[in-house]
Amino acid sequence: MTRAELFSQIQKKSSFLCVGLDADLEKIPSHLKSEPDPIFSFCKAIIEETADYAVAYKPNIAFFEALGPQGWETLQKVTELIPKEIFTIADAKRGDIGNTSKLYAKAFFEKMDFDSVTVAPYMGADSVTPFLEFEDKWVILLALTSNAGSMDFQLIKGENGKPLYQSVLEKSQEWGSAENLMYVVGATRGELIGEVRKVVPDHFFLVPGVGAQGGSLSEVAKYGMNSTCGLLVNSSRGIIYASGEKDFAKAARQEAKKLQEEMAGLLEKYL
Ligand SMILES: O=C(O)c1cc(=O)[nH]c(=O)n1[C@@H]1O[C@H](COP(=O)(O)O)[C@@H](O)[C@H]1O
């Protein structure tokens with residue numbers, strides 16, 4: 001999917017919501033556990049009820065890998081269910097020496113037809129660029145993450161006086177453009193999102209951390225929105241586990257709708 005197509009979906013739905021599919025066997029409603037493929041049934045119901053409000057889905061690959069070989073089949077079936085006009089993110093956080101990254105890219109972009117994959121920048125240019133060689137496919141590079149451990153390395157200042165996340169933003173401009181490279185910027189980082197926006201004015205950010213991790217949607221929009229929105233805000237647990245009962249999919253729909261309505265207001269305010 002191109003950036004223009006993504007922006008057009010955002011405008012059409014008045015939404016920049018990404019629904020995170022972190023589907024955990026331990027957490028899905030118990031009545032689904034007798035289904036032949038409980039995680040598939042769960043994700044199917046969630047997608048059917050939230051697709052009106054979402055412009056992206058982000059299956060977290062760990063939750064599928066943890067199921068063994070069956071998990072990969074489930075992942076494939078789930079991605080095939082997602083309507084074509086909705087952006088898909090393989091949240092796999094990959095990255096390795098060049099020839100290995102090339103095969104990770106093949107796995108997610110060719111064997112499976114994801115629009116994007118999350119990639120860790122730590123191993124540098126040759127670990128990231130193989131993912132950027134696929135037409136209309138995207139790298140979503142970890143920059144400033146939402147978790148407590150992000151303080152361990154990402155905020156440390158280097159010899160250039162800049163925090164590591166800023167060096168990641170600057171260096172990676174040499175590898176890709178706003179047409180094929182996005183950045184992960186956590187919603188829990190508040191006004192730091194504004195600092196990231198100054199360095200990369202045009203790029204999209206994938207922003208996890210609203211909902212269960214407590215980040216504020218209005219702060220994210222205030223500091224992060226650009227002229228083509230530039231934001232995909234993810235919520236996983238806050239949507240998919242809104243209810244643990246038989247009404248889980250309807251409850252997920254309500255949560256997605258609530259976020260979409262807030263997003264519509266923010267788009268009107270800042271765009
Ligand atoms: O790359 C990510 O998606 C990601 C980056 C980050 O900095 N923080 C973060 O929480 N995530 C992912 O975003 C999702 C957040 O889930 P909830 O906290 O349940 O909304 C999980 O799938 C995380 O793996």
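These legends walk through a few close-up views of a predicted model.

View 1. The model's ipTM is 0.98, and its pTM is 0.98. Since this is a predicted model, local features need pLDDT of at least 70 and side-chain atom pairs count only at pLDDT 80 or more, while totals for chains, interfaces and linings use all residues. Residues are numbered from 1 along each chain as its sequence is written, and side-chain values use heavy atoms, with hydrogens and water left out.

**View 2. The largest pocket.** Here you're looking at about 400 Å³ of space. A pocket is an open set of points on a 1 Å grid over the protein atoms alone, where a 1.4 Å probe fits, with protein on both sides within 12 Å along at least five of seven lines; lining residues have an atom within 4 Å of a point. Its volume is the space filled by probe spheres set on the points, which are joined across faces, edges and corners. There are 25 lining residues, and Asp22, Lys58, Ser146, Pro208 and Gln213 are the closest to the centre. Strands S3 (87-94), S7 (205-208) and S8 (231-235) and helix H11 (237-240) each give two or more residues to this lining. Helices (H or I, at least four residues) and strands (E, at least two) are DSSP runs, numbered from the N terminus. By class, the lining has 8 nonpolar, 11 polar and 6 charged residues, where Ala, Val, Leu, Ile, Met, Phe, Trp, Tyr, Cys and Pro count as nonpolar, Asp, Glu, Lys and Arg as charged, and the others, Gly among them, as polar.

View 3. Polar contacts (pairs of N or O atoms within 3.5 Å) reach oxygen atoms of the ligand from the side chains of Lys58, at 3.0 Å, Asp91, at 3.1 Å, and Lys93, at 3.0 Å. On its own the ligand has 500 Å² of accessible area (Shrake-Rupley method, 1.4 Å probe), and the protein covers 90% of that.

**View 4. The second largest pocket.** This one holds about 330 Å³ of space. Its lining has 16 residues, with Pro121, Tyr122, Gln154, Leu164 and Val168 nearest the centre. Helix H8 (164-172) is one of the elements giving two or more residues, and H8 gives the most, with 4. By class, this lining has 10 nonpolar residues, 5 polar and 1 charged.

Conventions. A polar contact is a pair of N or O atoms within 3.5 Å; within protein, one must be able to donate a hydrogen and the other to accept it, and residues adjacent in sequence count only if both atoms are side-chain atoms.
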